[in-house]
Amino acid sequence: MNYTIGQVAKMNHLSISQIRYYDNQGLFPFLKRTEKGDRVFDDAALKFLDIILCLKNTGMPIKDIKQFVDWSMNGNDTIPQRLKMMKQQEINVIQQIRDTEENLRKIQQKFQD
């Protein structure tokens with residue numbers, strides 16, 4: 001099934017301009033276009049978008065996400081680099097969780113003061 005940029009924006013709680021920005025940053029080299037030049041998302045593109053948004057939402061910079069996308073487009077030879085990048089992001093997210101939990105404890109402590 002194919003989806004328009006508007007449908008994808010709505011499904012992912014994004015604005016159309018956000019999706020265009022990500023595309024202009026080179027995050028969607030896999031997108032097909034209509035004869036008029038409109039972006040078309042298929043199911044595979046939606047799955048890839050989900051990964052891109054996950055990385056973005058966990059604090060990965062756009063330039064690093066672009067590197068991940070580029071490696072992904074280059075095929076299986078880049079699996080070691082992608083795994084290393086994902087492992088580092090996992091470490092980053094675990095640290096973010098620890099930091100957030102510590103901040104929560106500090107907030108909760110204020111209720112007891």
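What follows is a set of questions and answers about this structure.

Me: What kind of model is this, and how are its residues numbered?
Reply: This is a predicted model, in which local features need pLDDT of at least 70 and side-chain atom pairs count only at pLDDT 80 or more, while totals for chains, interfaces and linings use all residues. Side-chain values use heavy atoms, with hydrogens and water left out, and residues are numbered along each chain as its sequence is written, starting from 1.

Me: In what order do the elements of the protein run from the N terminus on?
Reply: The protein has 5 helices and 2 strands; these are DSSP runs numbered from the N terminus, with helices (H or I) of at least four residues and strands (E) of at least two. From the N terminus on, the order of the elements is α-α-β-β-α-α-α.

Me: What share of the residues in the protein is buried?
Reply: A residue counts as buried under 20% relative accessible area, as exposed over 50%, and as partly exposed in between (1.4 Å probe, protein chains only). With that rule, the buried share of the 113 residues in the protein is 28%.

Me: Why is the pair of Phe-28 and Phe-41 edge-to-face?
Reply: The structure holds 5 aromatic pairs, where rings of Phe, Tyr and Trp (its six-membered ring) pair if their centres lie within 6.5 Å, and planes under 30 degrees apart count as stacked, over 60 as edge-to-face and the rest as tilted. For Phe-28 and Phe-41 the ring centres are 5.8 Å apart and the planes stand at 75°, so this pair is edge-to-face.

Me: How many residues apart in sequence are the parts that the pair of Phe-28 and Phe-41 ties together?
Reply: Phe-28 and Phe-41 are both buried. Phe-28 lies in the loop between α2 (16–24) and β1 (32–33), whereas Phe-41 lies in the loop between β2 (39–40) and α3 (43–57), so the parts tied together are separated in sequence by 13 residues.

Me: Which residues form the aromatic cluster?
Reply: Phe-30 and Phe-48 form a tilted aromatic pair, with 4.8 Å centre to centre and 50° between the planes. This pair links distant parts of the chain, since Phe-30 is in the loop between α2 and β1 and Phe-48 is in helix α3, 18 residues apart; Phe-30 and Phe-48 are buried as well. The one cluster is made up of Phe-28, Phe-30, Phe-41, Phe-48 and Phe-68.

Me: Is His-13 buried or exposed?
Reply: His-13 sits in the loop between α1 (5–11) and α2. Most residues other than glycine have a negative phi, yet His-13, which is not a glycine, has a positive phi of about 55°. With a relative accessible area of 74%, His-13 is exposed.

Me: Which residues is Asp-38 in contact with, leaving aside its neighbours within four places in sequence?
Reply: Asp-38 lies in the loop between β1 and β2 and is partly exposed, with a relative accessible area of 40%. Contact means heavy atoms within 4.5 Å, and beyond those sequence neighbours Asp-38 touches Lys-32 and Arg-33.

Me: How far apart are the C-alpha atoms of Val-93 and Met-60?
Reply: Val-93 belongs to helix α5 (residues 79–112) and is partly exposed, with a relative accessible area of 21%. Val-93 and Met-60 are 33 residues apart along the chain, and their C-alpha atoms are separated by 9.6 Å.
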